[in-house]
Amino acid sequence: MGKLTKNNNTYVHKNSGVCSSAVEFEVEDNHLKNVHFIGGCNGNTTGIGKLVEGMEIHDVIRRLDGVPCGMRPTSCPDQLAKALKAYLAEAGC
């Protein structure tokens with residue numbers, strides 16, 4: 001699993017095994033805000049960010065956890081799920 005850090009109100013998860021190097025997000029009342037991937041396929045990662053913004057964290061994890069990318073066992077959506085799991089573990093939820 002990648003590393004989760006916090007910079008002001010933004011969490012940054014260093015991705016592993018995918019084209020994007022990281023995903024940044026904010027959490028407000030257990031809902032996602034300002035989801036942005038660094039690198040990767042811009043259209044796809046921008047689309048993922050727009051689709052999950054405003055969603056409850058557990059719903060995003062449930063939908064994206066384990067999504068592969070071709071022959072790879074992980075994907076940018078899966079990395080976001082991993083980032084959110086790390087966030088929940090750090091927050092003690």
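Trainee: Why is Tyr-11 called buried?

Mentor: Buried means under 20% relative accessible area, exposed over 50%, partly exposed in between, with a 1.4 Å probe and protein chains only. Tyr-11 has a relative accessible area of 11%, so Tyr-11 is buried. One caution: this is a predicted model, where local features need pLDDT of at least 70 and side-chain atom pairs count only at pLDDT 80 or more, while totals for chains, interfaces and linings use all residues. Residues are numbered from 1 along each chain as its sequence is written, and side-chain values use heavy atoms, leaving out hydrogens and water.

Trainee: What about Phe-25, buried or exposed?

Mentor: Phe-25 is buried, because its relative accessibility is 0%.

Trainee: What makes Phe-25 and Tyr-87 an edge-to-face pair?

Mentor: Rings of Phe, Tyr and Trp (its six-membered ring) pair if their centres lie within 6.5 Å; planes under 30 degrees apart count as stacked, over 60 as edge-to-face and the rest as tilted. The centres of Phe-25 and Tyr-87 are 6.3 Å apart and their planes stand at 85°, so the pair is edge-to-face. Phe-25 lies in strand β3 and Tyr-87 in helix α3 (residues 76–91), so the pair ties together parts 62 residues apart in sequence. Helices (H or I, at least four residues) and strands (E, at least two) are DSSP runs, numbered from the N terminus.

Trainee: How do you know that Tyr-87 is buried?

Mentor: Tyr-87 counts as buried because its relative accessibility is 12%.
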